[in-house]
Amino acid sequence: MARIGLGFGRWNFHPLKRKSSLLLKLIAVVFAVLLFCEFLIYYLVIFQCKWPEMKPTADDGEQATREPVLKAMFLADTHLLGEFLGHWLDKLRREWQMERAFQTALWLLQPEVIFILGDVFDEGKWSTPEAWADDMARFQKMFRHPSHVQLKVVAGNHDIGFHYEMNIYKVKRFEKVFSSERLFSWKGINFVMVNSVALKGDGCGICSEAEAELIEVSHRLNCSREVHGSSQCGPGPLLPTSVPILLQHYPLYRRSDANCSGEDAAPPEERNIPFKENYDVLSREASQKLLWWLQPRLVLSGHTHSACEVHHEGRVPELSVPSFSWRNRNNPSFIMGSITPTDYALSKCYLPREHVVLIIYCGAVGFLMVLTLTHFGLLASPFLSGLNLLRKHKTR
């Protein structure tokens, strides 16, 4: 009787062992795919990005190489979803993508300053105080950074509303968290950060204040180029003599994206659609004022979610930075800048493409199905089928 009992024990043990083996294989495959798609792929892709090298001029190469180089990252249009729009899974997926991309870039590239060019939030224009606090908590978690790294943010229309939605409460709420400074100088480089939503030019209180601030910035920049002790500039400390870099959410005026090209430019069917002033781009008048007041050497903007490079007045380049989120495009990216007081070099760093991650997941699901069916004998093992074909070929 003891032998019979032992025999049944062995007979029951093998199916259990086979099921455990299958379960371990499935868990191993799932873990490996999740590890790669949610962590390792960001390191693999962003590791290929390199800071652009400064090219010294032939006449003054030695002096150019001695200038301190500032490593700056520029990204735009993160659009963190709020409590009304977007599915919870959409929010979870896209915000995880941005967090992993940002933290990986921070660790691998070690930037000194990071600029976000507006539309940090998707629903800031109508969010309640409670929703705003929740959005801010998620933002601070996603874009956490060491204390020695500067993070600067300019306002976008989704943060404080379009001009007709904007009010003092929304602007002050934004500036309380992200600062109201319009001029930021570091390593002898001047950055002017503009609230472009307030540049409609219709004389509204917020608009008038924004223009007055920019006129004051223009005055300080002009004084930095004057001889020390000029009577018009006063006795205060002067700014670095560097020609400024202009940062804002709305692009300067251009008719459309017809002249934009590249894999992350707007789709061909959208490039010839005319832009609306004060909605898609700044007005002609506001653009001319900014160029006249600030005389920038470079303009960086967001808003369109697509890349574009244009030249204003034939000399001032503007680069529209694509969206940083999978929610707005399949191939998000950010700009890396090596900047000195007299020169700059820019390069683009692409993030993992969303469709590549989805293909990997679909392939993993297919592999798991084949593995399961093969285990239960419902599908011939590809390895055994290959051996049988090889044997038949040898016997001929």
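Start by selecting Cys260 and Cys308: the torsion about their S-S bond is about -65°, so this disulfide (a pair of cysteine sulfur atoms within 2.5 Å) is left-handed. Their sulfur atoms lie 1.8 Å apart. Cys260 sits in the loop between β6 (245–247) and α8 (284–294) and Cys308 in strand β8 (residues 308–312), so the pair ties together parts 48 residues apart in sequence. Helices (H or I, at least four residues) and strands (E, at least two) are DSSP runs, numbered from the N terminus. Both cysteines are buried, where buried means under 20% relative accessible area, exposed over 50%, and partly exposed in between (1.4 Å probe, protein chains only).

You are looking at a predicted model, in which local features need pLDDT of at least 70, side-chain atom pairs count only at pLDDT 80 or more, and totals for chains, interfaces and linings use all residues. Residues are numbered from 1 along each chain as its sequence is written, and side-chain values use heavy atoms, with hydrogens and water left out.

Next, pick Cys49 and Cys349, joined by a disulfide with S to S 2.0 Å. Cys49 belongs to the loop between α1 (2–46) and α2 (61–66) and Cys349 to strand β11, so this pair links parts 300 residues apart in sequence.

Now follow β11 into its sheet, which is open, has 5 strands in the order β3-β2-β1-β10-β11, and shows mixed pairing; strands pair if DSSP finds at least two bridges between them. β3 (150–153) and β11 (344–350) are at the edges with a single partner strand each, so one side of each has no neighbour in the sheet.

Finish with Cys204 and Cys207, whose disulfide spans 2.3 Å between sulfur atoms.
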